[in-house]
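Visitor: Please show me the sequence and the structure, and then let me ask about them in turn.

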Amino acid sequence: MSMREMTYGEAVKEAIAEEMRRDPTVFLMGEDVGKAGTVFKVLLGLHDEFGDDRVIDTPIAEAGLVGLGVGAALTGSRPIVDIMFGDFVTLAMDQIVNQAAKLRYMSGGQATVPITIRSTMGAGRSSAAQHSQSLHAWLAHIPGLKVAIPSTPADAKGLFKTAVRDDNPVVIYEDKMMYALKGMVPTEEDYTIPFGQAHIKREGDDVTLIATSSMIHVALDAADALAEQGISAEVVDPRTLVPLDSKTLIESVVKTTRAVIIDEGYKSFGITGEIASTVYNGAFDYIDAPIVRLGAMDVPVPFSKPLEDATIPTAEDVIKAVQDMKIIHR
Amino acid sequence: MSLPSEILIKMYRAMLRIRRFEEQIWEVYTGGLMHGLAHLYIGEEAVAVGVCAALRDDDFITSTHRGHGHCVAKGGNLEAMMAEVMGRVTGHCRGKGGSMHIADMSVGILGANGIVGGGFGIATGAALSAQKRGTDQVAVCFFGDGASNQGIFFEVMNFAAIWKLPVIYVCENNHYGEYTPTGNVTAGKSIADRSLPFGIPSTTVDGSDAIAVYEATAEAVERARKGDGATLIECDTYRYRGHHVGDPGEGYRTKEEIESWMAKDPIQLLRTKILDDNIASGAELDAEEREVEKEMENALEAAKAAPYPDVEEVNQHVYA
């Protein structure tokens with residue numbers, strides 16, 4: 001497969017551009033998506049290619065914005081709606097939860113709502129409590145929505161293209177700390193990644209590190225350090241929360257017998273709890289140590305850098321969790 | 001403007017169908033054949049009928065929790081509607097939506113909605129889609145006086161104005177948001193005024209007068225199809241019954257008030273007009289009534305005979 005190096009942000013832009021070229025019913029709308037190319041500048045150039053008609057700046061009105069997206073999706077368009085910060089998704093919750101997610105079911109299968117909502121997640125930019133949250137668990141909780149959460153440029157491109165082509169409402173979260181992250185991305189036009197397929201980012205035998213989004217890189221760093229200590233860690237990325245590839249997660253833990261789950265959402269009532277339960281149920285007879293869950297600290301994300309840093313799981317946290325499992329090779 | 005007689009007869013018949021459907025719902029509900037909530041439209045028929053008579057089949061509407069009238073007027077199937085409110089598998093939504101969520105995509109009914117103001121985004125988005133796809137379809141958003149205080153109303157009017165979207169906001173001001181008089185919780189002289197700061201023209205019409213509603217809508221439709229953007233129409237109307245079947249509708253409303261509205265009943269108004277203008281005879285209109293009665297009986301019998309959905313269906317239609 002021919003590959004090209006690009007950043008995470010470039011991969012997202014390329015996915016959108018390719019889908020817009022392929023399908024004239026696709027358009028993008030959101031705050032500052034036009035000439036500004038979003039506040040993160042990652043979509044610069046899209047407006048030049050597609051113009052005002054298809055790359056559309058909107059008012060700052062998230063409920064209306066998503067609501068229009070839902071109505072457009074219901075009637076023959078495939079809108080991509082951009083919510084610049086994941087925190088602002090809360091302003092559109094009725095549209096997403098009560099409308100987009102339920103219209104197909106409530107109509108007995110008549111309605112299709114092929115809307116893609118892209119938003120960001122992740123702390124680390126000293127943006128404080130209302131521009132830093134990772135609230136993907138909220139939406140993964142709602143039947144009728146799909147949730148994708150890519151961790152690499154290649155996954156970002158492949159999952160984004162799948163999201164646009166999906167006939168269901170899909171929410172795709174990009175960690176804004178990863179936009180400059182580089183990686184190899186397949187160059188073929190039709191490179192898509194099916195939803196519900198976890199990806200083993202690194203193979204190992206002693207412990208499984210199940211991680212999402214930017215936490216994959218925390219897990220990979222930890223795996224490097226653990227290798228030096230003679231511990232072989234497998235790193236698995238679910239890539240989509242809904243649908244969740246339980247099988248791959250369970251098989252990995254059956255093999256390694258131990259698991260640490262790392263996600264940047266709040267620890268309580270969140271993704272790590274759901275995945276831990278899934279793995280316990282599927283691999284119970286094989287598990288040699290209590291599963292460890294690492295999530296964002298259950299506090300509003302603080303502004304001051306040392307405080308903020310203390311709320312996000314680190315490679316050190318992962319290493320310590322694995323060391324506490326007292327793995328003995330026989 | 002004098003309307004073609006076939007439109008008047010069509011509207012008369014549509015209002016009768018709504019009235020009879022809602023009366024039937026009352027009987028079905030109190031007879032224990034229907035569960036959940038039922039918000040009856042009796043008294044407001046001229047709004048749905050006047051608006052929908054000015055639309056094409058491929059135009060869109062979004063409806064409300066008090067939505068049976070809109071769905072009948074836009075071309076919903078009486079049998080499928082009755083089956084739906086009774087939770088039967090032959091319902092428009094296979095029994096998954098019920099009274100508050102009737103949808104029929106084949107005739108542009110994008111769904112009744114249980115969230116007050118739930119149709120604002122969808123209708124405005126349908127208008128955006130029509131514009132993007134280069135059709136001349138229009139979208140109508142029915143909403144109540146209560147919904148006019150939801151924030152998203154103002155968001156979508158702004159979108160509709162900046163992009164000149166082919167959408168028509170039809171406010172059914174029935175003077176009570178559930179049990180609360182509209183004036184107690186609604187600022188300003190009128191709801192129609194609320195679109196003016198956005199540059200969206202508005203008008204207030206007598207919601208008991210189907211012809212007036214039709215004419216206002218036809219003008220708005222013409223504006224929308226020409227690319228000149230949105231319109232707000234406030235219809236002054238009244239529900240004869242309570243907020244829902246379980247509410248007698250009294251106590252918070254006076255007998256005099258209810259009677260004053262019933263004295264200008266929308267169906268009687270149009271009947272008088274048709275008779276006065278010699279468009280049809282009383283006997284012909286009575287025949288219409290008998291036909292509607294028969295149609296309703298058939299719909300009810302078919303719905304009653306239809307099975308409930310198989311429990312296996314419970315997790316179908318979550319995803320496409």
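Visitor: Which residue stands opposite A:Leu209 in strand 11 of chain A?

Guide: This is a predicted model, in which local features need pLDDT of at least 70 and side-chain atom pairs count only at pLDDT 80 or more, while totals for chains, interfaces and linings use all residues. Residues are numbered from 1 along each chain as its sequence is written, and chains are lettered from A and ligands numbered from 1 in the order in which they are written. Strand 10 (residues 207–211) and strand 11 (residues 233–237) of chain A run parallel and are joined by four bridges, where helices (H or I, at least four residues) and strands (E, at least two) are DSSP runs numbered from the N terminus. In strand 11 of chain A, the residue opposite A:Leu209 is A:Val235.

Visitor: In what order do the strands of the open sheet of five strands in chain A stand?

Guide: Two strands pair if DSSP finds at least two bridges between them, and the pairing in this open sheet is mixed. Strand 9 (199–202) and strand 14 of chain A each have a single partner strand, so they stand at the edges with one side left without a neighbour in the sheet. The order of the five strands is 9-11-10-13-14.

Visitor: What angle does the direction of helix 8 of chain A make with that of strand 11 of chain A?

Guide: Axes are lines fitted to C-alpha atoms, for helices over the stretch in contact, and angles run from 0 to 180 degrees between N-to-C directions. Helix 8 (residues 215–228) of chain A packs on the sheet and touches strand 9, strand 10, strand 11 and strand 13 of chain A, contact being counted when two C-beta atoms, placed from the backbone, lie within 7 Å. With strand 11 of chain A, the direction of helix 8 makes an angle of about 170°.

Visitor: How many C-beta neighbours inside 10 Å does A:Lys41 have?

Guide: A:Lys41 is found in the loop between strand 2 (26–30) and helix 2 (46–54) of chain A, and has a positive phi of about 65° although it is not a glycine. A residue is buried if 20 or more other C-beta atoms lie within 10 Å of its own, exposed if 12 or fewer, and partly exposed in between, with C-beta atoms placed from the backbone. A:Lys41 counts as partly exposed because its C-beta neighbours inside 10 Å number 13.

Visitor: Which helix of chain A gives the largest share of the side that touches chain B?

Guide: The contact takes in 34 residues of chain A and 34 residues of chain B. Helix 3 (62–74), helix 4 (93–100) and helix 5 (103–106) of chain A are the elements that give two or more residues to the side of chain A that touches chain B. The largest share, ten residues, comes from helix 3.

Visitor: How far apart do the C-alpha centres of domain 1 and domain 2 of chain A lie?

Guide: Chain A is divided into domain 1 (3–186) and domain 2 (199–323), with bounds that come from an automatic or database domain assignment. The contact takes 27 residues from domain 1 and 22 residues from domain 2 of chain A. The C-alpha centres of these two domains lie apart by 26 Å.

Visitor: Which residue follows helix 4 of chain B?

Guide: Helix 4 (residues 78–85) of chain B is mostly covered, with eight of its eight residues buried. What covers these buried residues includes helix 1 (5–30), helix 3 (68–74) and helix 11 (282–305) of chain B. The helix is followed by a residue whose phi is positive, near 75°, namely B:Gly87.
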